[in-house]
Amino acid sequence: MARKNLLSGLGGLGLPAGNPDLSPASPHEPAAAIANFGGARGAIGAVTRSIEQLKANAVQDIPTDSIDPSFISDRIGFDAANYADLVESIRAHGQQVPILIRPHPDKEGRYQVAYGHRRLRAAVELQRPVRAIVKKLSDDELVIAQGQENNARTDLSFIERARFAASLEQRGFERATIMAALFVDKTGLSRLISAATKIPPDIIDAIGAAPKTGRDRWIALAANLEAEASVGAVRAAMSDALMSAASSDERFNLVFSASVIKKVKPLKPKTKPSAWVAPDGKTVARIQDDKKLCTVVIDKKVAPEFGAYLIESLPELYAAFMGRESK
């Protein structure tokens, strides 16, 4: 989808926290009030300083077979319908927004995408060069540019942002850099990483991006899956034919329902018929259960020890026994 002022959106990295034109990255995340990105300050500054250079750089036509994807993915699954619309738009009107690439850090003569993977794929399909800006970027600068471009489009779902954040941390990126890339504060970043790490990867893959499912529902699912029984129930549900026929958000709902394990209260044990035997070996009293009321049946004069037995073992019947004996 074409977007106006793409490069100026990237330039927002250098604005102080709290500027009025900085909006939340997602309706499910608080506005980022980040006063200091710590270790990411240098990367952000470098990206900011390069904005005017990016604007001045000529857009180049680059052969698609010389470009490799980013080292970190920010999407889950593939939206065929939206991609088809993009291809038709580029076919009819050309590629309006260039992608951002860098010289490949490890492969001479090749490039690596910072953002614009779908536009690159569309160019491959249309068998035409991709329009791109080539800029030398460090790894930190690449992920910040990639994250900020996605935030400007606001089309990544909560779980896609969460997995992106968790993947960056697993690769050793500082949290300050990840906060800058996703434009969230410490609390928002902790929620993202927690959700992505507590939900098993195969379950996230089975659900997909779930674009209409917000933060609270994903966090609730993560809490449910702390129980092993819930994980087993979810994986059993994932094999159901309904999963393959459902949309991503519908798959989330199916998984969430399966993750809820209802707690069944244990039944109170019924009083079983039993008997008390006197020290001389003769049964002098027995307890009879008629399923409505337990009663004490006296065979003959009861030894005093039976009262102590009732008090200790069946106190609820003691009063009934004493009442019966007095009659």
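At roughly what angle do the axes of H7 and H9 cross? The model is predicted, so local features need pLDDT of at least 70 and side-chain atom pairs count only at pLDDT 80 or more, while totals for chains, interfaces and linings use all residues. Residues are numbered from 1 along each chain as its sequence is written, and side-chain values use heavy atoms, with hydrogens and water left out.

Let us start with the sheet. Five strands make up an open, mixed sheet in the order S1-S5-S3-S4-S2. Helices (H or I, at least four residues) and strands (E, at least two) are DSSP runs numbered from the N terminus, and two strands pair if DSSP finds at least two bridges between them. Strands S1 (60-62) and S2 (67-68) sit at the edges with a single partner strand each, so one side of each has no neighbour in the sheet.

Now follow strand S4 (residues 111-115). S4 pairs with S2 in the parallel sense over two bridges, and Asp-68 has Gln-112 of S4 as its bridge partner. S3 and S4 run antiparallel, joined by four bridges; here Leu-100 stands opposite Tyr-115. Four of the five residues of S4 are buried, where buried means under 20% relative accessible area, exposed over 50% and partly exposed in between, with a 1.4 Å probe and protein chains only. Helix H5 (residues 117-126) lies across S2, S3, S4 and S5, at about 125° to S4.

Next come the helices of the opening question. The axes of H7 and H9 come within 8 Å and cross at roughly 90°. Axes are lines fitted to C-alpha atoms, for helices over the stretch in contact, and angles run from 0 to 180 degrees between N-to-C directions. H7 and H9 are therefore roughly perpendicular, the word for 65 to 115 degrees. Their contact (heavy atoms within 4.5 Å) includes Phe-158 and Glu-169 of H7, along with Leu-189 and Thr-197 of H9.

Finally, turn to helix H11 (residues 215-224), where Arg-215, Trp-218, Leu-221 and Ala-222 are buried. Seen down the axis of H11, these buried residues fall within an arc of 130°, so they line one face of the helix; the arc is that of the directions from the helix axis to the C-beta atoms. They pack against H7, H9, H10 and H14.

Technical notes: Angles under 35 degrees count as roughly parallel, over 145 as roughly antiparallel, 65 to 115 as roughly perpendicular and the rest as oblique.
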